[in-house]
Amino acid sequence: MAKRTADKELTDRNWDQEEESEESEGGGIFKGFSGLISSTGSTGFGGFGNGSGFKPLHGLNNGNNLSLKPSHSSATDVNNPIGSFLSNGPPPNPLAKGEIDENEEDSEEPPEPVVNEIKEEDAIFSKKCKMFYKKDGDFKDKGVGTIHLKPVADQKIQLLVRADTNLGNVLLNIMLHPSLPCTRTGKNNILIVCVPNPPIDEKSPDTALPILIRVKTTQDADELHKIITEKKAAL
């Protein structure tokens, strides 16, 4: 630092100016960061040992040459699943296109079997019915079918009940006679007592059993009872 002259008084206002003038005498070691003075007198980092100069550090020149390049990754980067979701949305649902899941259970009900009813062309009465027989004090279900009243030889009347199956199994097949008990009971039932054919109880095939015939409506039951009563009286 240079010696201060006596004619210039140091005050609290000019002390920093005097310091700046003294630093400028040596070229300013930090001014603009232009370089360091080497033993050879060159600046700008002249070199270490071989005398060949380094290039100035432009990247440190007041920060003007520094730049931050943006990342090349984007929302559509295949390596960025979150970005891909935000850009393209959720992946497509294969079931939305009507494709069938192999593990999906079939919710449709199975088709009902088609029954081809056996017609009795010469019947004078035919109605859907349900047949019961009485055993041990209770009426037991024999099956669902159709009851027919048919005229046969010698002016007799056949009472025939066929099951509602493709084979038309015979549930009851008897001939009306004057002493056949037949009563109207309940809302839509008639009750007869007969020896059933085919036999219901294999142990007692010749034993008479109460047979209950249930039709759909009261009118059907009234009509059936009337025809049986009239045909019995004509025998």
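This is a predicted model: local features need pLDDT of at least 70, side-chain atom pairs count only at pLDDT 80 or more; totals for chains, interfaces and linings use all residues.
Residues are numbered from 1 along each chain as its sequence is written, and side-chain values use heavy atoms, with hydrogens and water left out.

**View 1. Welcome to the whole chain.** The chain holds three helices and seven strands (DSSP runs numbered from the N terminus, with at least four residues of H or I for a helix and at least two of E for a strand). Along the sequence, their pattern reads α-α-β-β-β-β-β-β-β-α. Of the 235 residues, 22% are buried (under 20% relative accessible area, with a 1.4 Å probe and protein chains only).

View 2. A cavity here is a set of points on a 1 Å grid over the protein atoms alone where a 1.4 Å probe fits but cannot get out, and lining residues have an atom within 4 Å of a point. About 50 Å³ of space lies in the largest cavity, a volume being the space filled by probe spheres set on the points, which are joined across faces, edges and corners. Eleven residues line this cavity, and Glu 117, Ile 118, Arg 162, Ala 163 and Asp 164 lie nearest its centre. Strand 2 (138–151) and strand 3 (157–163) each supply at least two residues of the lining.

View 3. Look for Thr 183, which stands opposite Leu 191 in strand 6. Three residues lie between the strands of the hairpin, and Gly 186 in the turn has a positive phi of about 65 degrees.

**View 4. Asn 188 and its surroundings.** Asn 188 sits in the loop between strand 5 (182–185) and strand 6 (189–194). With a relative accessible area of 14%, Asn 188 is buried. Its side chain reaches the backbone oxygen of Val 215 at 2.7 Å and the backbone oxygen of Lys 216 at 3.5 Å. Leaving aside neighbours within four places in sequence, Asn 188 is in contact (heavy atoms within 4.5 Å) with several residues, including Ile 213, Arg 214, Thr 217 and Ala 221.

Conventions: Buried means under 20% relative accessible area, exposed over 50%, partly exposed in between (1.4 Å probe, protein chains only). A polar contact is a pair of N or O atoms within 3.5 Å; within protein, one must be able to donate a hydrogen and the other to accept it, and residues adjacent in sequence count only if both atoms are side-chain atoms. Two strands pair if DSSP finds at least two bridges between them. On a 1 Å grid over the protein atoms alone, a cavity is a set of points where a 1.4 Å probe fits but cannot get out, and a pocket is an open set with protein on both sides within 12 Å along at least five of seven lines; lining residues have an atom within 4 Å of a point.
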